Amino acid sequence: MKVAIIGTGYVGLPTGVGLAEFGHTVTCIDREKSKIDSLMAGKITLYEDGLEELFHKNVQAGRLFFTTSMQEGVSKADIVIIGVGTPPHPVKKEADMKYVHAAAIEMAEHLQGYTVVAIKSTVTVGTGDDVEILIKKKNPQAYFDVISLPEFLREGYAVHDFFNPDRVVVGANSEKAKALVKKLYQPLADKTTMLFVKRRSAETIKYASNSFLAIKIHYINEMANFCEKTGADIYEVAKGMGLDNRIGPKFLHAGPGYGGSCFPKDTMAMLYMARQNNVEMTLVDAAIEGNRVRKIQMAERILKAVKGIEKPRIAVWGLAFKNGTDDCRQSPAIDIIGELLDYPVEIIAYDPKAKESAYALLGIKITYAETMYEAVENADVLAILTEWEEFKSADADKLSALMKNKKIVDCRNLLDKETMLAHGFAYQGIGR
């Protein structure tokens, strides 16, 4: 099949590479010429574990192409996938559909023959209806169906999730569109459930899923606070909870709060849509506020560890919002650093992948180390804010020799507490 994907970000590029690996001919479209130039030159524009290898493989196989031309990408496509950003409105915090609408209008005149227009961006409920109207208005002769095809790729695990999805959700009101999508995902037919629902239901499933997971994270963080007061261990509590198959073990890892491009944006959008429809969403509201407060609490813990030290040197491990990605959007680490910078402190940070992304947000406000050990030299405290695997294997003897004051605030519970205590560290984890 011939597929066009509009947008080459964290949704569009992994999806395009994955579909090309399935054997489809994929053309990725982006208005940002510098991004397309980089991709055409063989330089991948974002980090996802395993993505670069598949990218080069499918470019060389002649299945993956890049262009700034909407006509070039859309005119021959059987399916056009919209994967552009839907950032929160700066005031109302609703998801902004302007890029989705613009893509629909621009593509409309280039549709030829029967085409399925699949919206993979996370969009407000009813956007499929709007896109259908916009295309018909721009090109009354167009023969097409608009479907909702929400993405559930976790950043850092996007490649794995693409080939091993929990489910493929399709919001389609046309049997012809359903048949085409089945063909698109044929390689997954025996591996996962393909759920066909109403278009508005598919648009809602994405928000309902992310909001629920955000609530789950907020809950386990509150439970961690309870464990710290009572002497229970959140690791043991979460394990006991997770063995109940009604609850499950995922998203029961206490930490500095949720972040990234999805949960913060989607929870706010869910709350906005609920209010627009006069529906109470008290749990979502509590999760949003609790997550905001969580970052402040983590910053306070770090500052408490260096209380009384004049201009303390704070080492930070981790800048990305999670491991496996270079994305720093709404990263708890960035937010916590922002809180710390309100005080007279010196921060030197290390992240194995997110240095450039973090620099775009923080600039020269902090110092960037090249290794995790360089970051802790003469540090008064080490704050661990992202769960990168390499941090787990930190050499306690080396840390002890390098740090000025042996204090650790482990916001991800990555290090072994007993080992750190045995090496003379004042160690504080989360909920333990």
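Biologist: How many aromatic pairs does the structure hold?

Modeller: There are ten aromatic pairs. Rings of Phe, Tyr and Trp (its six-membered ring) pair if their centres lie within 6.5 Å; planes under 30 degrees apart count as stacked, over 60 as edge-to-face and the rest as tilted. This is a predicted model, where local features need pLDDT of at least 70 and side-chain atom pairs count only at pLDDT 80 or more, while totals for chains, interfaces and linings use all residues. Residues are numbered from 1 along each chain as its sequence is written, and side-chain values use heavy atoms, with hydrogens and water left out.

Biologist: Okay, what is the geometry of the F22 and F163 pair?

Modeller: The ring centres of F22 and F163 are 5.7 Å apart with the planes at 80°, so the pair is edge-to-face. F22 sits in the loop between α1 (12-21) and β2 (25-29), and F163 belongs to helix α7 (residues 158-163), so this pair ties together parts that are 141 residues apart in sequence. For the names, helices (H or I, at least four residues) and strands (E, at least two) are DSSP runs, numbered from the N terminus.

Biologist: And is F22 buried or exposed?

Modeller: F22 is buried, at a relative accessible area of 18%. F163 counts as buried too, with 18% relative accessibility. Buried means under 20% relative accessible area, exposed over 50%, and partly exposed in between (1.4 Å probe, protein chains only).

Biologist: What about Y258 and F263, how are their rings placed?

Modeller: Their ring centres are 6.0 Å apart and their planes at 75°, so Y258 and F263 make an edge-to-face pair. Y258 is buried at 5% relative accessible area, and F263 is buried at 12%.

Biologist: Which rings link up into a cluster?

Modeller: Ring pairs connect F22, F162 and F163 into one.

Biologist: Switching to strands: in what order do the six strands of the open sheet run?

Modeller: The order is β11-β10-β9-β12-β13-β14, with parallel pairing. At the edges are β11 (367-368) and β14 (426-428), each pairing on one side only. Two strands pair if DSSP finds at least two bridges between them.

Biologist: How many bridges are there between β9 and β10?

Modeller: Strand β9 (residues 313-317) and strand β10 (residues 346-350) share five, in the parallel sense.

Biologist: Which way do the side chains of β4 point?

Modeller: In strand β4 (residues 79-82), I79 and I81 point one way and V80 and I82 the other, and all are buried. In a regular strand the side chains alternate between the two faces of the sheet.

Biologist: And how many bridges join β4 to β5?

Modeller: Four, with β4 and strand β5 (residues 115-119) running parallel. Strand β1 (residues 2-6) also pairs with β4 in the parallel sense, over four bridges. I79 is a handy landmark in β4: I79 is the bridge partner of V3, and I79 stands opposite V116 in β5.

Biologist: New topic. Where is N278, and what is its phi?

Modeller: N278 is in the loop between α11 (263-276) and α12 (282-305). Its phi is near 55°, a positive value in a residue other than glycine. N278 is exposed, with 74% relative accessible area. K311 also has a positive phi, near 45°, and lies in the loop between α12 and β9. K311 is exposed at 55%.

Biologist: Is S331 buried or exposed?

Modeller: S331 is buried, at 0% relative accessibility. This residue is in the loop between β9 and α13 (332-340). Beyond neighbours within four places in sequence, S331 is in contact (heavy atoms within 4.5 Å) with G260, L319, A320 and F321.

Biologist: Which helix gives the most to the lining?

Modeller: Helix α9 (residues 199-230), with three residues. The lining residues include I119, K120, S148, E151, A202 and K206.

Definitions and conventions
On a 1 Å grid over the protein atoms alone, a cavity is a set of points where a 1.4 Å probe fits but cannot get out, and a pocket is an open set with protein on both sides within 12 Å along at least five of seven lines; lining residues have an atom within 4 Å of a point.
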